Amino acid sequence: MKNKSLVSINDYSKEDYFKILDLAEEFQKNPKQKLLENHVIASLFFEPSTRTRLSFETAIQRLGGKVIGFSESGSTSVSKGESLKDTILTVSRYADLIVMRHPVEGSARYASVVSDKPIINAGDGSNQHPTQCLLDLYSIRKTQGSLENLNLFLVGDLKYGRTVHSLLIAMSEFNPVFNFVSPPSLRMPQEYKDFLDKKGIKYYEHNEINDNIKHADIIYVTRVQRERFSDPMDYEKVKNAYVIKNKMLEGTKDNLKILHPLPRVNEIDTDVDTNPKAYYFDQAENGVYARMALMCIILGVK
Amino acid sequence: MKSELKVKAIEKGTVIDHIQASSLYKIMSIIEIEKLDTQIFIGNNLDSKKYGKKAIIKIADKFPSMEDVNKIALIDPNAVINIIRDYQVVEKKKVELPETVSTFIKCINPKCITNHEKVETKFSVHVKDGKVNLKCYYCEKTTGQDNIEVIR
Ligand SMILES: [Zn+2]
């Protein structure tokens with residue numbers, strides 16, 4: 001895996017992921033390891049994403065590495081019309097590894113073709129965001145002890161939510177049962193259901209959160225965005241149907257954890273935050289360990 | 001063979017037969033028919049047992065490259081390419097789908113890098129329900145057979 005770019009979750013094997021998850025666990029136990037002291041890492045955010053950028057930059061800093069880059073392209077040569085190719089070719093002469101986020105789909109793959117330094121895709125439009133998937137897997141394994149045979153509830157916008165699609169594909173390796181909870185207009189796309197059918201994985205679709213969550217091991221919540229509805233009335237009708245409240249969690253399994261890629265708006269009521277089943281802030285913290293592990297493995301220092 | 005008689009026979013050259021009527025203009029575009037300077041006969045909406053209506057293209061004195069054959073396969077996997085010498089079919093090239101295609105087809109996704117920067121397109125070829133699906137190497141979106149647009 002040394003020098004191997006991570007652009008899409010399919011780029012790495014199951015074994016590769018286990019290797020990263022194991023190392024992430026080691027970093028969680030002992031985060032003060034200055035393994036990247038002699039490395040410069042570029043963090044190129046062609047569109048702002050504060051949470052992802054801070055997570056990566058924290059991971060780099062904790063490992064003693066140096067960060068160069070920008071948090072939005074407005075004040076850079078990109079705004080003067082420089083091509084992505086030229087930006088990447090230039091930065092690849094400066095840095096040992098490039099973390100990039102770009103609104104254009106396929107941009108990270110293209111960067112990995114032109115660059116002789118490895119690329120980590122921190123999101124390319126609605127296409128891929130593989131490190132989110134990595135930290136989700138880490139969080140699930142950590143809280144459940146294993147990735148095998150889990151009952152996963154995916155709640156919210158299942159049509160456009162790229163994180164739930166990646167999670168579905170990654171978890172399909174581990175014999176799960178899926179429950180999809182969404183408004184009818186934001187259901188899981190057919191291609192993913194076909195994929196599950198082909199693999200013989202069971203899934204159920206629900207229009208609302210109901211008593212079934214008593215069987216859940218993981219509830220993964222995503223935001224239902226107003227922009228996804230052409231008729232604002234349709235949004236008003238559904239916006240409160242997918243809010244997790246503390247009261248709903250009575251009688252759920254002891255091992256249940258609530259995950260959310262954040263930022264949250266109102267889809268998890270703040271009264272859940274103090275419930276030990278709320279895991280989303282731990283999940284965000286886990287992102288730092290997962291990214292530390294990924295970068296160390298790509299740079300060959302672990 | 002009867003329907004072929006409705007279009008003039010050629011002494012030597014290429015006959016692209018069993019084209020679905022809806023694919024004719026795309027195939028004409030992809031083989032850059034307007035650049036050819038030999039005799040060309042085109043028949044459309046001919047009766048076909050298989051499709052109801054079919055189209056046929058006859059090109060005198062020219063023989064297709066492998067690349068042309070592959071391109072035609074993407075647009076219409078059922079098309080048959082006949083090589084004609086002395087008014088006889090001497091070779092039938094049943095078109096075969098390549099595993100990947102690059103450079104001449106446009107990605108349908110307007111947000112794809114190939115539509116934003118000077119990047120040659122590249123796709124892996126898949127067949128679903130008898131139709132060609134092209135999965136973009138960059139944005140990973142699928143361009144279906146009916147949406148294939150040729151870059152000229
Ligand atoms: Zn594309």
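Between which strands of chain B is the place of B:Y87? In this predicted model, B:Y87 is in the loop that links β4 (80–85) and β5 (88–94) of chain B.

**Backbone features**

Most residues other than glycine have a negative phi, and most peptide bonds are trans. B:Y87 is not a glycine, yet its phi is positive, at about 65°. The residue is exposed, because its relative accessible area of 54% is over 50%. Another positive phi, near 70°, belongs to B:D61, likewise a residue other than glycine. B:D61 is found in the loop between β3 (52–60) and α2 (66–75) of chain B. With a relative accessible area of 41%, B:D61 is partly exposed. The two residues are set out below.

| Residue | Phi | Relative accessible area |
|---|---|---|
| B:D61 | near 70° | 41% |
| B:Y87 | about 65° | 54% |

In chain A, the peptide bond between A:L262 and A:P263 is cis, with omega at about 5°. A:P263 lies in the loop between β9 (257–259) and α9 (280–298) of that chain.

**The interface of chain A and chain B**

Contacts join 15 residues of chain A to 14 residues of chain B. The two chains bury about 1200 Å² between them, and carbon and sulfur atoms give 47% of this area. On the side of chain A, the most area is lost by A:E105, A:R109 and A:Y110, which together account for 46% of what that side buries.

There are 3 salt bridges between the chains. One of them pairs A:E105 with B:K141, whose closest N and O atoms are 3.5 Å apart. In chain A, α3 (84–94) and α4 (107–114) each supply at least two residues of the side that touches chain B. The largest share, 4 residues, comes from α4(A). By type, this side of chain A has 4 nonpolar, 7 polar and 4 charged residues.

Notes. Residues numbered from 1 in each chain as written. Chains lettered and ligands numbered in written order. Predicted model: local features only at pLDDT ≥ 70, side-chain atom pairs only at ≥ 80, totals over all residues. Heavy atoms only, no water. Buried < 20%, exposed > 50% of the residue type's maximum accessible area, 1.4 Å probe, protein only. Contact = heavy atoms within 4.5 Å. Buried area = accessible area lost by both parts, 1.4 Å probe. Salt bridge = Lys/Arg side-chain N within 4 Å of Asp/Glu carboxyl O. Nonpolar A, V, L, I, M, F, W, Y, C, P; charged D, E, K, R; others polar.
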